[in-house]
Amino acid sequence: MFTNNILSIITWLPVVGAILILGAFKKDQNALIKKFATAWLALDFVISLWLFGYDRRTGGMQFLEDHQWISAIGARYQMGADGVSVLLIILTTFLGVLAALSSWKYIQKREKEDYVLLLLLQTMVLGVFSSMDLFLFYLFFEVSLVPMYFLIVIWGGENRLYAAIKFFLYTLVGSVVMLLGVLKMYFLTQDLAITTKVSQATIGLLAGNDNALRMVNSTVQAATQSGTGSFNIVYMQAIGSVIPMGTLQVLLFFAFALGFAIKVPMWPFHTWLPDAHVEAPTAGSVILAGILLKLGTYGFYRFNLPMFPKASMDEVFFGKFGVRSIMIFLAIISIIYGALAAMYFVVKKDGDVKKLVAYSSVSSMGIVMLGLFALNPNGLNGAVMQMINHGIYSGALFLLVGIIYERRHTRKVSEFGGLSHVMPGYAAVFLAMAMTAIGLPLLAVFISEFLAMRGAFEANPVWAGWAGLGIILNAGYMLWLYQRMFFGEIENEKNKSLLDLSGREWVYMMPLVIMSLWIGIYPGPFLRYIEKPVNAAVRAIRPNYPIPGQPPPATTSAPTITTTSAPVQIKTQP
Amino acid sequence: MYRYIWLVPLLPLAGAAINGIFGRWFRFSEKLIGGIAVGTVALSFLISLTAVYSYGFGGEARWPNPYVTTQTAFNWIPAGAVKQTLGEGDTSRAIAVNGQPASSVTGPASLLNIQWSCQLDPLSSIFMLIVTGVGLCIFVFATGYMHGETGFYRFFAYMGLFMFSMLVLVMGSNFVMMFVGWEGVGLCSYLLIGYYFNKQEAANASRKAFITNRVGDFGFMLAIFGVIATFGSAQYTNVVSQAAGYPVETLGHWGLMSWIALGLMIGACGKSAQFPLHVWLPDAMAGPTPVSALIHAATMVTAGLYMLTRTNVIFQHSQTMMLVVALVGAFTAIFAATIGITQNDIKKVLAYSTVSQLGFMFLACGVGAFVIGIFHVMTHAFFKALMFLGSGSVIHGMHHEQDMRKMGGLKKYMPITYMTFLGGWLAICGIIPFSGFWSKDEILWNAASTTHIPLGWLVWLIGTIAATCTAFYMTRLVAMTFWGEERFRKHEHGMEHEGHAQKKEHATSHHDAHVPHESPKSMWVPLVVLAILATIGGFVGISTAFTGGKEVGWKMNIVNWLDPIIWNKETGQFGKAEEGKFPPNATPLLGNEGPFGANTSTAEREQLLSQARPTNGEAKAHTGFNLAHAVESKVGSETATEWVFIIISLLVAGAGIGLGLLFYVKSPQLADVWAARLKPLYEASYNKYWIDEFFGWAITRRTMDLARGVFAFDSKVVDGGVNGSAWLTRLTSKITGGADKYLVDGLVNAIADFVVRLMSPIVRAAQTGLTQNYALVMVIGLLIAVAIYFVKSL
């Protein structure tokens with residue numbers, strides 16, 4: 001029961017908690033509600049640690065679950081996680097606890113609803129990372145907007161309505177375009193011209209292990225019998241990979257890419273992010289930056305790359321500019337542009353610290369995109385690690401900004417200065433996180449930036465050069481921010497009596513510092529979780545990429561059926 | 001013993017962690033904090049010493065083969081598969097280096113595993129000793145100097161962290177570990193320069209240092225990527241053995257090796273403060289003086305030299321980059337020396353002197369004398385650390401006064417500081433037999449006699465002029481600080497205590513309190529140790545001219561000690577080619593057969609190599625006029641030639657000192673006279689050639705403008721587009737809403753109205769209220785419907 005449904009348990013547990021809060025607690029039992037919600041999230045985190053049992057040798061999709069759901073369209077309740085999902089799920093549950101802890105004092109009104117929404121949000125995001133059915137994925141992906149919308153609208157700052165609606169509509173636009181792509185993919189699973197080309201070897205490669213392969217096959221068989229298409233993600237990846245290079249492949253790529261690129265957010269779709277962050281409460285910002293942004297990059301990793309390998313690899317589609325060139329171009333622009341825009345908030349006299357962190361997120365996520373579209377193991381490893389590390393450091397920075405905001409009710413850089421004198425502990429943690437953010441070795445982000453940029457260098461040295469430029473700028477604004485906030489004498493009277501970190505604040509900051517150090521010093525365990533999935537993804541795109549110890553499969557390069565095993569076929573509807 | 005070398009970096013880290021975490025909570029006493037810091041560094045030094053001894057001379061001596069601690073290593077970054085996209089991906093050219101197998105990399109693809117492992121070899125052993133040894137002196141000094149500071153624990157935590165980073169830098173066995181140390185020392189430098197963080201000047205300087213270094217790191221990082229993409233590994237032993245097999249890129253040929261070397265050189269320029277990335281180092285003097293001594297003179301800034309020497313095989317494969325290194329070094333040497341002449345802050349003079357001396361070291365590497373570059377690193381570490389600590393002692397004694405114009409005559413008050421400082425002064429001026437003489441003279445001699453690059457004579461000339469300037473400004477510094485009239489009495493009140501200056505009657509008693517005093521024992525003992533080293537430390541690299549053309553001391557001679565890691569472009573092997581220099585098992589290492597085997601004579605080897613690498617012949621032809629050869633043709637033997645250059649360098653040092661004495665001791669008014677006469681030059685030098693202002697304007701300001709521009713673009717154009725489309729949507733909805741309300745709805749209403757008006761009489765008439773009538777209508781309707789059905793089917 002437990003081991004077979006572990007992903008469902010992790011995913012739905014927060015909702016159970018939310019229902020319990022709604023049912024069992026009265027509105028004025030705030031102290032109890034926040035303790036209960038935090039404990040409940042902590043419980044979810046502890047349970048999610050079970051996922052570290054992911055078999056790294058086998059790789060592929062594990063912790064599989066498969067249930068009948070909407071049989072009319074062939075959508076099934078299928079769950080599964082590969083190494084990348086495992087890390088992201090654990091990051092989500094981990095940040096969930098910290099976000100709840102950070103809300104204890106920050107949220108002063110309608111606390112019950114706040115924790116209920118936080119719990120709901122957890123479920124939605126966890127569902128995204130564990131879905132193996134595109135329909136289910138899409139559902140979670142869309143619904144995750146709702147709790148976030150309310151978190152911003154109810155507990156946000158002055159301009160919260162504008163920010164919330166912008167956030168909601170903007171991401172919705174992307175998802176609607178993506179929905180078209182999803183539907184087209186669904187119809188393609190019923191298209192004999194395509195399905196006959198799918199080889200068992202491809203599905204095997206994408207599924208990663210025998211159990212997953214068996215599940216995919218049985219799904220496809222069930223769909224064939226009932227005469228529907230299938231939403232199974234692995235199968236869809238296999239379908240997508242045999243679509244010949246051309247308008248369809250590229251259009252589908254961009255249909256998915258738009259939805260994810262807005263979520264990432266990539267330049268020029270990023271402007272909702274600073275607004276949403278500035279208005280969101282601390283917990284909202286932490287979840288937004290730490291996890292919701294990962295939905296976009298995770299989408300690229302899970303869908304765009306393996307599903308449309310030909311489009312992803314394409315460097316010359318529109319004459320000189322290919323799909324990959326466009327993505328890399330946008331990624332590099334994001335890196336440099338985000339850094340420069342972040343710098344504006346220290347150049348400006350009374351810049352908003354939160355906006356700075358938000359723009360630095362744009363820059364950081366650009367690194368993820370660069371690593372992903374380097375399309376080699378180093379690049380993908382770096383990209384996945386950067387997702388985790390960005391979750392850690394941007395979450396930490398938002399928490400830190402929240403801490404000072406609780407004390408001073410302002411986030412303007414000009415209001416601070418000399419904080420090291422009164423808040424040495426806070427200054428030390430902030431320094432650790434600022435150094436993480438600028439990629440200092442032996443701290444987490446170095447590992448991911450190094451790998452992502454090395455991957456980019458392998459693809460094209462010039463790309464790495466441009467990305468490196470962004471990293472210089474990162475150091476520039478981070479250190480300047482630190483100097484303006486912490487160095488010098490205290491000039492503002494209000495800062496003279498500030499209290500250093502409280503016990504609760506230490507409790508939620510220290511895990512992040514420790515994680516940053518751990519990943520920086522010993523990233524091996526984490527990299528080993530994603531080694532197999534990443535290699536499989538690279539192989540799915542570039543079948544002949546040389547990976548020592550793994551000879552290139554003979555068949556996957558040719559889209560025709562050359563394997564001995566019978567091709568999977570789906571009967572089309574009459 | 002050398003199996004425990006991994007402890008060497010970890011011990012100071014442990015000390016730093018204890019001091020940093022518990023020092024504040026448990027309010028450690030200064031004695032305890034100092035004890036922990038000094039103790040861990042001392043232990044590191046002892047381990048280094050015994051490890052190096054057993055490595056070089058003990059029973060299990062491995063010299064000159066590198067010892068890599070793979071046993072205690074762990075796989076730091078299992079990065080995954082790597083495709084060798086650059087280079088040939090061909091490892092067959094790789095040669096064995098000092099007993100290491102040729103290369104563990106096979107084929108065009110490999111798994112990249114960044115190891116966390118230490119490497120003990122001739123180069124890292126020297127640096128380990130310098131870092132821990134000189135570091136120990138400075139730690140001891142700092143316990144006295146920092147006495148009474150509120151952030152005492154913080155200072156030693158940072159210092160310990162610095163020692164860790166620096167030792168990782170020099171002991172790591174691969175490029176990425178070097179990068180870790182590289183960035184780590186940058187961070188510690190940032191923290192320590194900004195130690196007095198409430199001073200805006202210190203905060204700015206620390207940020208400037210970090211960001212300037214980041215520019216260098218950018219080049220270094222790309223070079224590392226290039227190395228991995230070319231050689232499939234970041235491990236030195238792999239890279240070095242493969243790189244040796246690549247063809248030499250002569251002047252005008254810009255290839256892979258040149259690209260990698262360029263990236264490395266940018267990194268080295270950043271860390272070692274070479275023009276134009278030197279701007280951070282003088283500002284870095286805002287940190288406490290022990291920091292300046294440790295980081296900005298003896299250790300961190302020499303990391304660039306470590307890197308250059310470590311990768312000498314790559315640099316030597318690019319003649320263009322060798323020339324660039326030599327010219328950058330020579331230019332920096334003279335450029336910084338001329339600035340040093342006019343500065344008044346004692347630490348600023350020393351800072352520019354450091355930049356200038358680093359230029360000398362780069363110059364040495366550029367002309368192919370990497371070993372001599374490292375030799376100068378060592379002697380410089382001794383005498384510059386000595387002088388920085390001496391200046392720290394002076395500043396301490398002068399109650400934190402750094403302006404030399406307010407000093408003078410201090411030798412009476414601080415005799416030990418004065419005596420030790422004299423040692424450093426004579427060493428840096430290059431007076432025989434002080435340490436600086438040996439290394440500086442060798443640098444200039446190698447510049448004059450280089451066959452690695454053309455323009456050796458120019459490099460020599462610039463170097464010689466720079467050496468004269470060095471002797472001059474150092475004499476000026478000593479004269480202004482220790483000799484002459486006691487100007488501190490005059491200035492004290494006028495400048496620092498304006499409030500007191502008005503009360504003349506208290507002035508005398510106040511003076512006594514501010515009379516300079518000798519520093520405590522914890523400060524002068526390290527000075528004495530360093531002074532001894534600065535005096536005699538140069539003998540480990542005694543010039544061959546003094547020993548009858550022979551290199552004496554074998555392993556004890558630093559030149560021979562380091563030689564096995566230097567690639568020899570004549571033979572294509574590591575180490576010098578002469579027979580009998582090394583123990584028979586050290587070279588050659590490829591067995592007896594083959595072009596590099598022991599059975600092949602040097603002449604045959606030469607011939608084979610010239611066939612294999614025709615570019616080598618060109619390389620020789622391109623170096624053009626060679627000063628040393630020209631002189632040799634006049635005086636006869638090589639030893640005689642060397643003597644000529646020794647005498648020249650002694651003469652210029654003497655001339656520099658003489659001029660300094662003339663200007664600042666004999667007739668002090670001359671200095672002002674000449675400053676007025678050469679006003680434009682004086683102004684340019686005094687203002688550091690306005691380089692900082694230029695960078696501030698051209699880079700910092702423009703980046704800020706760019707940031708403003710980007711944000712304006714973002715909010716106006718990008719977000720404007722988003723809001724614009726939202727506005728457009730709203731507008732459309734308004735229009736459609738309006739159309740709906742007025743047009744569609746209006747039309748519907750109008751029609752309804754019309755219908756109502758038109759039909760109402762009829763309809764009203766039909767509303768009889770009689771059921772029969774309704775039934776009738778229904779039947780009629782039914783009949784019509786049936787009728788239509790029949791009509792249709794006909």
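## Worked exercises on a two-chain predicted model

Helix α3 of chain B is mostly covered, with 23 of its 24 residues buried (20 or more other C-beta atoms within 10 Å of a residue's own, C-beta atoms being placed from the backbone). This is a predicted model, where local features need pLDDT of at least 70, side-chain atom pairs count only at pLDDT 80 or more, and totals for chains, interfaces and linings use all residues. Residues are numbered from 1 along each chain as its sequence is written, while chains are lettered from A and ligands numbered from 1 in the order in which they are written.

**Exercise 1.** Work out what span α3 of chain B should have, and compare it with the model.

*Solution.* Start with the residues: α3 covers 122–145, helices being DSSP runs of H or I with at least four residues. Next, take 1.5 Å times one less than the number of residues. That gives 34 Å, and the end C-alpha atoms are 34 Å apart, so the two agree.

**Exercise 2.** Find which helix gives the most to the side of chain B that touches chain A.

*Solution.* First, collect the contacts: 45 residues of chain B meet 46 of chain A, a contact being C-beta atoms within 7 Å. Then list the elements supplying at least two residues each, among them α5 (175–193), α6 (200–231) and α30 (691–766) of chain B. Finally, pick α6 of chain B, which gives the most, with 13 residues.

**Exercise 3.** Describe how far apart the two domains of chain B lie.

*Solution.* Take the bounds, 1–73 + 120–173 for domain 1 and 690–793 for domain 2, from an automatic or database domain assignment. Their C-alpha centres lie 76 Å apart.

Notes: Buried ≥ 20, exposed ≤ 12 C-beta atoms within 10 Å, placed from the backbone. Contact = placed C-beta atoms within 7 Å.
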